[in-house]
Amino acid sequence: MVHTCVVAGCRNRRTPGTTLSFYRFPRDPERKQRWIAAVNREGWVPNDGSRLCSTHFISDHCRGECLLLPQH
């Protein structure tokens, strides 16, 4: 499956050989709202296939708390 980053203006896609990671939205409501705000799309709601790429995080090692970069 090809994943595309949902952040407004981002064109990153998961393709063979990419070094980017793609992350699902968290289930925790507070964290999920922070991620939705970072997407920067008015009225947008994530679905099960929505992903953010690793370029929008301070660290690409999101084993615990992923820290989003400020809105692009």
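Threonine 4 lies in the segment before S1. The model described here is a predicted one. Leaving aside residues up to four places away in sequence, threonine 4 touches Asn12, Arg13, Phe22 and Arg51.

Leucine 52 is 48 residues away in sequence, yet the C-alpha atoms of leucine 52 and threonine 4 are 7.8 Å apart in space. For serine 50 and threonine 4, the separation is 46 residues in sequence and 7.9 Å in space, again from C-alpha to C-alpha. Leucine 52 belongs to strand S2.

## The chain as a whole

The chain holds one helix and two strands. Read from the N terminus, the order of these elements is β-α-β. Strand S1 covers residues 22-24, helix H1 covers 29-39 and strand S2 covers 51-53.

The chain has 72 residues, and 35% of them are buried. Its accessible surface comes to about 5200 Å², and carbon and sulfur atoms account for 48% of that surface. Of the contacts between residues at least 6 apart in sequence, 54% join residues at least 24 apart.

## Aromatic pairs

Four aromatic pairs are found in a search of the whole structure. One of them joins phenylalanine 25 and tryptophan 44, with 5.6 Å from centre to centre and 45 degrees between the planes, which makes the pair tilted. Phenylalanine 25 sits in the loop between S1 and H1, and tryptophan 44 in the loop between H1 and S2, so this pair links distant parts of the chain, 19 residues apart. Phenylalanine 25 is buried, at a relative accessible area of 13%.

Another pair, tryptophan 35 with phenylalanine 57, is edge-to-face: the centres are 5.2 Å apart and the planes are at 65 degrees. Because tryptophan 35 lies in helix H1 and phenylalanine 57 in the segment after S2, the pair ties together parts that are 22 residues apart in sequence. Tryptophan 35 is buried, with 4% relative accessibility, and phenylalanine 57 is buried with a relative accessible area of 4%. Ring pairs connect Tyr23, Phe25, Trp35, Trp44 and Phe57 into a cluster.

## Asparagine 40

Asparagine 40 is placed in the loop between H1 and S2. Its phi is near 60 degrees, a positive value in a residue other than glycine. Most residues other than glycine have a negative phi. Asparagine 40 is partly exposed, with a relative accessible area of 40%.

## The largest pocket

The largest pocket contains about 230 Å³ of space. Its lining consists of Arg24, Phe25, Pro26, Arg27, Lys32, Pro46, Asn47, Asp48, Ser50 and Arg51. Sorted by class, the lining has five charged, three nonpolar and two polar residues.

Phe25, one of the lining residues, is part of the ring cluster. Arg51 is another lining residue and is among the residues that threonine 4 touches. Ser50 also lines the pocket, and its C-alpha is 7.9 Å from that of threonine 4.

Definitions and conventions. Residues are numbered from 1 along each chain as its sequence is written. This is a predicted model: local features need pLDDT of at least 70, side-chain atom pairs count only at pLDDT 80 or more; totals for chains, interfaces and linings use all residues. Side-chain values use heavy atoms; hydrogens and water are left out. Rings of Phe, Tyr and Trp (its six-membered ring) pair if their centres lie within 6.5 Å; planes under 30 degrees apart count as stacked, over 60 as edge-to-face and the rest as tilted. Helices (H or I, at least four residues) and strands (E, at least two) are DSSP runs, numbered from the N terminus. Buried means under 20% relative accessible area, exposed over 50%, partly exposed in between (1.4 Å probe, protein chains only). Contact means heavy atoms within 4.5 Å. Accessible areas come from the Shrake-Rupley method with a 1.4 Å probe; for residues, only the protein chains shown count as cover. On a 1 Å grid over the protein atoms alone, a cavity is a set of points where a 1.4 Å probe fits but cannot get out, and a pocket is an open set with protein on both sides within 12 Å along at least five of seven lines; lining residues have an atom within 4 Å of a point. Grid points are joined across faces, edges and corners, and a volume is the space filled by probe spheres set on the points. Ala, Val, Leu, Ile, Met, Phe, Trp, Tyr, Cys and Pro count as nonpolar, Asp, Glu, Lys and Arg as charged, and the others, Gly among them, as polar.
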